[in-house]
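The labels used for a structure rest on cut-offs. Below, each label is set against its cut-off.

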Amino acid sequence: MSDKKRVSRRQFLNYTLTGVGGFMAAGMLAPMVRFAIDPVLQKREGGDLKSVVSVDELTNEPQRVEWTIDQVDAWYESEVQKTAWVYKDENGDIVALSPICTHLGCTVDWSSNEEYPNQFYCPCHGGRYTKDGVNVPGTPPTAPLPIYKHEVKDGMLYLGDAESRKGA
């Protein structure tokens with residue numbers, strides 16, 4: 001009387017077990033997928049700039065300033081110490097340089113070598129930079145020191161991330 005194809009017991013059990021197995025697999029995979037992509041979905045908090053020093057304390061001589069930031073790596077939160085060499089140039093503009101040598105990542109110091117006064121010096125491989133952070137030709141570094149984004153608010157200097165500069 002009916003032209004419909006009947007589903008056999010074997011096909012019914014196969015469909016049922018496949019469907020239930022699919023729901024169970026989805027239930028197990030959903031938390032894992034969420035765990036994997038959750039850091040991407042998190043909103044980044046504003047306030048990338050941190051207050052580091054009063055502008056009144058800055059001179060024409062580079063000063064080392066240190067501050068801490070809260071760093072989040074996926075689910076791990078830590079407090080990281082940052083450092084910068086900060087001074088006012090001849091025009092009164094603020095310059096904030098990263099102390100990380102562009103050669104191999106060592107830390108540079110201001111006027112630490114008697115042979116090269118008024119220069120940033122890297123003791124690891126003899127890298128040198130002028131006061132404005134430009135690498136001295138003929139020394140190992142191939143790029144100038146990175147410069148920090150900065151802003152002045154209410155007499156305080158705020159520093160952000162360091163940005164690489166082009167040129168040698």
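The questions and answers that follow take up some of the labels in turn.

This is a predicted model, in which local features need pLDDT of at least 70 and side-chain atom pairs count only at pLDDT 80 or more, while totals for chains, interfaces and linings use all residues. Residues are numbered from 1 along each chain as its sequence is written, and side-chain values use heavy atoms, with hydrogens and water left out.

Q: Why is Met32 called exposed?
A: Buried means under 20% relative accessible area, exposed over 50%, and partly exposed in between, with a 1.4 Å probe and protein chains only. Met32 has 51% relative accessibility, so Met32 counts as exposed.

Q: Why does Ala30 count as partly exposed?
A: The relative accessibility of Ala30 is 44%, and therefore Ala30 counts as partly exposed. Ala30 lies in helix 1, as does Met32, and this helix covers residues 9–41. Helices are DSSP runs of H or I with at least four residues, strands are runs of E with at least two, and both are numbered from the N terminus.

Q: What makes Met28, Leu29, Met32, Val33, Ile37, Val40 and Leu41 a nonpolar patch?
A: Patch members have over 30% relative accessible area and no salt bridge; nonpolar side chains (Val, Leu, Ile, Met, Phe, Trp, Tyr) are joined within 5 Å, like charges within 9 Å. The patch formed by these residues has about 720 Å² of accessible area together, by the Shrake-Rupley method with a 1.4 Å probe, where for residues only the protein chains shown count as cover.

Q: What makes strand 2 and strand 3 a pair?
A: Two strands pair if DSSP finds at least two bridges between them. Strand 2 (residues 63–73) and strand 3 (residues 76–88) have eleven, in the antiparallel sense. Ile69 stands opposite Val80 in strand 3.

Q: Why do strand 5 and strand 7 stand at the edges?
A: The open sheet of three strands has the order 5-6-7, with antiparallel pairing. Strand 5 (109–110) and strand 7 (127–129) each have a single partner strand, so one side of each is left without a neighbour in the sheet. Two bridges join strand 5 to strand 6 (residues 120–122).

Q: How do you know that Arg128 has no salt bridge?
A: A salt bridge needs a side-chain nitrogen of Lys or Arg within 4 Å of a carboxyl oxygen of Asp or Glu. Lys and Arg count as positive and Asp and Glu as negative; His and the chain ends are not counted. For the buried Arg128, the nearest side chain of opposite charge, Glu115, is 6.9 Å away.
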